[in-house]
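Hello,

Here is the structure I promised to pass on to you. Please open it next to this email and have a look around before you read further.

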Amino acid sequence: MTVRAAIVVTGTEVLTGRIQDLNGPWLADRLLELGVELAYVTQCGDRADDIEAQLRFLADQGVDLIITSGGLGPTADDLTVATVARFAGRELLLDGPLEVRIAEILRTLMAGRDGVDFEAVMAANRKQAMVPAGAEILDPVGTAPGIVLSPTGDGPTVVVLPGPPRELQPMWSRAVETLAVQQAISGRTEYRQETVRMFGLAESGLADTLREAESRIDGFSGLEITTCLRRGELEIVTRYEPPAAGAYAALIDLLRDRHRTELFSTDGALVDDQVAALLAGRRFATAESCTAGLLAARIADRAGSSAYLVGGVVSYSNEAKVELLGVDAALIDEHGAVSEPVARAMAEGALARFDADTAVGITGIAGPGGGSAEKPVGTVCFGVALSGRPTLVRTLRLPGDRSDVRERSTTVAMHMLRNELLSLPPD
């Protein structure tokens, strides 16, 4: 029997988009690791009736575990604990030891602050020591404790966690260790999750292959497959129980057979990580116009100590291309700033300027204006230069707005660079 869980993210600031929810996705991953099926993720504002309505709806759906995040602070709009108590039919009680613990935390936080009335602060925070009768208390990471509330009858176990991720994440591990949560998830199933990444394949092409897989592979129905177009790449995530491992292996074989050149990752590794590993021991430089330094930022973010980004130039103007990268002005006059000859010259200019052995040049029209009939918005030219080899150049027309074109351009550059580095002879 599958164990089903739900997440309720509270907070008007999350509901209205002022703050991005990080807790829902993080908790979803943790539930998957436990073998618990996530059935629902809901959001609601800081209104007691709405929070309770979410809890009652989820209980009616038969979920075994409900996890809430947010609404545990001392202010009037922090209503989650009181609402959970009302939902469970439990009296809200002041826990003396918890009140003392919160006071100790507040004294530490307020140490050295002159003119602060500690008793007034404590009175405001005493609300956080109010817990439903019978609840198991999770010690605060900040000032807000969490609680675990066992069900009455056939209802769900409820785990109440704070909103700040730095507090929620360590508290979650403690919640999982409680008897109530262990009993709630005792019937969980072991799941495996694998991620495959492809580049250069249309979603329709993948759909055709998956239809073929459905008819050819025994046990294919045991694979739960989701696909997502992310940064110009296809991300295919498959979840399955151990008996379906053979079907998953057959699917990977089919993808390799049908899309060998497009399939670049079968272990979930990002192209950024692969490029960073391939750059180990090399000196890398960038020359970017329309991507505004995003390629250099992605390399620097992933490379760490395994690769050395020696420098980069962001050169929007023709003058910057000439003065900073040594691009011949006559070349720009003849072919235009967005052209393969200029992309080649930018890559080779970065190679020379930074005494690098590997460089990428990107020049394009990201929009929203500036395009022409010959070179519309989304036209991007790439150059990949490796010492001792001819510079690879390529032109693409990429869809989307300015942000899309920039992001897709950096992904294209990553894959071009990856392919060139993979083609080098072994040391």
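Below is what was found in it, from the whole chain down to single residues.

A word on the source: this is a predicted model, in which local features need pLDDT of at least 70 and side-chain atom pairs count only at pLDDT 80 or more, while totals for chains, interfaces and linings use all residues. Residues are numbered from 1 along each chain as its sequence is written, and side-chain values use heavy atoms, with hydrogens and water left out.

**The whole protein**

The protein has three parts: domain 1 (4–185), domain 2 (192–269) and domain 3 (272–422). These bounds come from an automatic or database domain assignment. Between the C-alpha centres of domain 1 and domain 3 there are 48 Å.

Along the principal axes, the C-alpha atoms fill a box of roughly 80 × 70 × 45 Å. The radius of gyration is 28 Å, whereas a compact globule of 427 residues would have one near 22 Å. That radius is taken over C-alpha atoms, and the globule rule is 2.2 Å times the number of residues to the power 0.38.

You can find 16 helices and 17 strands in the protein. Both are DSSP runs numbered from the N terminus: helices are H or I with at least four residues, strands are E with at least two.

Of the 427 residues, 48% are buried. Buried means under 20% relative accessible area, exposed means over 50%, and partly exposed is in between (1.4 Å probe, protein chains only). Contacts (heavy atoms within 4.5 Å) between residues at least 6 apart in sequence join residues at least 24 apart in 70% of cases.

Most residues other than glycine have a negative phi, and most peptide bonds are trans. Where does this protein depart from that?

- The peptide bond that joins Gly-367 and Pro-368 is cis, with omega about 5°. Pro-368 sits in the loop between strand 15 (358–364) and strand 16 (379–386).
- Ala-292 is not a glycine, yet its phi is positive, near 55°. This residue belongs to the loop between strand 13 (283–288) and helix 12 (294–303), and Ala-292 is partly exposed, at a relative accessible area of 33%.
- Asp-355 is not a glycine either, and its phi is positive at about 50°. Look for Asp-355 in the loop between helix 15 (340–353) and strand 15; Asp-355 is exposed, with a relative accessible area of 57%.

Enjoy exploring!

Best wishes
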